[in-house]
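Here is a short walk through one protein model. Take a look at the structure first, then read on.

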Amino acid sequence: MIRFRPLLATDWQAVSQIYAEGIATGNATFQTTLPEWSAWDQSHRPACRIVACTESGEIAGWAALTPYSSREVYAGVADESIYIAAAFRGQGIGRQLLARLIEESEAAGVWTLQAGIFPENQRSLQLHQNCGFRLVGRREKIGQLHGHWRDVLLWERRSPIVGNTP
């Protein structure tokens, strides 16, 4: 049984450990070091920060949004991040967590979620497709990770609820 709750500053130790596992795969992010809580907190939207917890309270995964732009016209567009602890991968927690993030993002007025995913991250690609994201395109050699150019696939999900009035 998994329950969801807001991600709090006191969760940072567990959340950052999960983030570090993602960084270590080399297929989750261009990030190579863990940020301090203050930097992470400032770069992410205050709403739509979620942790997935086991019955015992262990954090199995987390999801959060970063603003796409500071321009008002893009206020309803956000980049999403989702990370699942290695011990909990393959159990459907990612799908539940992303579904919850979608619900909370729509409640917060977000009309488009986007995700940049390395082509090698097959689990993440499948997860996003299963949760209604569509492939928008491939950004070739968009950045270097450990001295190697990497492509990123851009996925997006347009809300059928938010931002659809004329």
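## A first look around

Tyr74 is partly exposed, with a relative accessible area of 31%; partly exposed sits between buried (under 20% relative accessible area) and exposed (over 50%), using a 1.4 Å probe and protein chains only. This is a predicted model, where local features need pLDDT of at least 70, side-chain atom pairs count only at pLDDT 80 or more, and totals for chains, interfaces and linings use all residues. Residues are numbered from 1 along each chain as its sequence is written, and side-chain values use heavy atoms, with hydrogens and water left out.

You'll find Tyr74 in the loop between β3 (59-67) and β4 (77-84). Strands here are DSSP runs of E with at least two residues, and helices are runs of H or I with at least four, numbered from the N terminus.

Now for the sheet. It is an open one of 7 strands with mixed pairing, in the order β1-β2-β3-β4-β5-β7-β6. Because β1 and β6 (134-145) stand at the edges with a single partner strand each, one side of each has no neighbour in the sheet. Neighbouring strands are turned by 25 degrees against each other on average, direction ignored. Helix α1 (residues 12-25) packs on the sheet and touches β2, β3 and β4, its direction making about 85 degrees with that of β3. Touching means heavy atoms within 4.5 Å; axes are lines fitted to C-alpha atoms, for helices over the stretch in contact, with angles from 0 to 180 degrees between N-to-C directions.

Some strand pairs are listed below; two strands pair if DSSP finds at least two bridges between them.

| Strands | Sense | Bridges |
|---|---|---|
| β1 (residues 3-6) and β2 | antiparallel | 4 bridges |
| β2 and β3 | antiparallel | 4 bridges |
| β5 (residues 112-117) and β7 | antiparallel | 6 bridges |

Let's zoom in on β2 (residues 50-53), which is covered on both faces: Ile50 and Ala52 are buried on one side, Val51 and Cys53 on the other. In a regular strand, side chains alternate between the two faces of the sheet. Ile50 is the bridge partner of Pro6, while Cys53 has Ile59 in β3 as its bridge partner. The hairpin of β2 and β3 has 5 residues between the strands, and Gly57 there takes a positive phi near 95 degrees.

Over at β7, Leu154 stands opposite Gly116. In the segment after β7 (148-158) comes Val162, which is buried with a relative accessible area of 13%. Not counting residues up to four places away in sequence, Val162 touches Glu106, Gly109, Val110 and Trp111.
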